[in-house]
Amino acid sequence: MFGKLFGRGGERTAADPYALPVPRRRKGGMYTLRALGDTRVLALVEAADAGDWEAVKAALEPFDLGRDHRVLGELVELDGLQDWIGRAVEEDEEHRATALLISGARHISWGWEARTAERAVNVTQEQWRIFHERLHIAEEQLFEAAELRPEWVTPWRRLLTSGRGMSLGPTVNEVRFDAALRRAPLDLETHVERLSQLQPRWGGEPGQGLAFAREALSRTPQGDRLGCVIAMAHIEEWVESDDGECLETPEIQAELRNAADHSILHPAHVRSPGWQHDFNTFAMALSLAGESHTVRRVFKELDGAYTSWPWTYLADPEKRFAHHSRSV
């Protein structure tokens, strides 16, 4: 099967028995990470793509979907998932919470597909109607999943996203953020979503997101992936700025180096499926800052593994990744 998916000559990481073979690399040695680089996640994605709920449940056994945002994220981007997951919600009482979580998260992604990435002024009334309709369904399903499984953090992180899309306001967003933190105080995805809410384009104040990220880093244990919030905060600062070179200062370079050393490059850091996403976040931030030392270490660990996020903030993201990777 893997030969068909990736072509001949795939490489497997000996240290990880679940690592997917590396596909044939493109020019420059890069390749797009698929299914978090994990054979178990690939089996899950294939089961969901086929609409096989029983196989999905079996493939989910190694994972905690109530805490693993990256695994959930692989599911909710599947086109067509919304066509059958509702049956699982209605028919499988034992696993209703899981089905609700998947369906609710999918409806958020599906809603954004209808809205598109256009500026708000360019979104049509019909697109807004579909967007809000799907987000309303998502909210109902995610709240029920959270009620059925009160220890889960993933419904609350997704409710932060729907709240942002529906412009529910800072009070609602803060309540949802606090609910997520009570379940997982160091959850990276929750912090990154909150960081997005604090950007001026979503109603925040200039510098508010960066201050939030710095506070989060100050309470982050060494080796924890929450340190990535600093890299994402600087990327957001770059997005908001009219100056494409705004990150190219010694102070920002040093802050990004220290955050990487504290988190993903620290000996205590534990890699889980999809760890390359965090490394891509630092790779982009360090590249935008013109940093020339730590960025080499990050790209060396990636060994060509490209993830679209957060490079999609750039025009021609794959080319930019390849360019920066070759330049170090």
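Trainee: Is the crossing of helix 7 and helix 8 left-handed or right-handed?

Mentor: Left-handed. Keep in mind that this is a predicted model.

Trainee: OK. How is a pair of packed helices described in general?

Mentor: By the angle between their axes and the distance between the axes.

Trainee: At roughly what angle do the axes of helix 7 and helix 8 cross?

Mentor: Roughly 155°. The axes come within 10 Å. Helix 7 covers residues 125-148, and helix 8 covers residues 154-165.

Trainee: So is helix 7 roughly parallel or roughly antiparallel to helix 8?

Mentor: Roughly antiparallel. The cut-off for that word is over 145 degrees.

Trainee: Which residues in helix 7 meet helix 8?

Mentor: Phe131, His132, Leu135, Glu139, Leu142, Phe143, Ala145 and Ala146. Across from them, helix 8 brings Pro155, Trp156, Arg158, Leu159, Ser162, Gly163 and Gly165.

Trainee: And by class, how many are nonpolar, polar and charged?

Mentor: The contact of helix 7 with helix 8 has nine nonpolar residues, four polar ones and two charged ones.

Trainee: New topic. How many residues are in the largest nonpolar core?

Mentor: It has 50 residues. Those with the most contacts inside the core are Leu256, Phe282, Val298, Leu302 and Trp311.

Trainee: Which two residues does the cis peptide bond join?

Mentor: Trp309 and Pro310, with omega about 5°. Pro310 lies in helix 16, residues 308-311. For background, most peptide bonds are trans.

Trainee: What about phi? Where is phi of Leu36?

Mentor: Near 60°. That is a positive value in a residue other than glycine. Most such residues have a negative phi.

Trainee: Where does Leu36 sit, and is it buried or exposed?

Mentor: Leu36 is in the loop between strand 1 (31-32) and helix 2 (39-49). Leu36 is buried, because its relative accessible area is 4% and the cut-off is under 20%.

Trainee: And Ser167, what is its phi near?

Mentor: Near 55°, also positive. Ser167 is in the loop between helix 8 and helix 9 (170-183).

Trainee: Buried or exposed?

Mentor: Ser167 counts as exposed, at 62% relative accessibility.

How values were computed: Residues are numbered from 1 along each chain as its sequence is written. This is a predicted model: local features need pLDDT of at least 70, side-chain atom pairs count only at pLDDT 80 or more; totals for chains, interfaces and linings use all residues. Side-chain values use heavy atoms; hydrogens and water are left out. A nonpolar core is a set of buried Ala, Val, Leu, Ile, Met, Phe, Trp, Tyr and Cys residues joined through side-chain atoms within 4.5 Å. Buried means under 20% relative accessible area, exposed over 50%, partly exposed in between (1.4 Å probe, protein chains only). Axes are lines fitted to C-alpha atoms, for helices over the stretch in contact, and angles run from 0 to 180 degrees between N-to-C directions. Helices (H or I, at least four residues) and strands (E, at least two) are DSSP runs, numbered from the N terminus. Angles under 35 degrees count as roughly parallel, over 145 as roughly antiparallel, 65 to 115 as roughly perpendicular and the rest as oblique. A crossing is left-handed if the near helix is turned anticlockwise from the far one by less than a right angle, and right-handed if clockwise. Contact means heavy atoms within 4.5 Å. Ala, Val, Leu, Ile, Met, Phe, Trp, Tyr, Cys and Pro count as nonpolar, Asp, Glu, Lys and Arg as charged, and the others, Gly among them, as polar.
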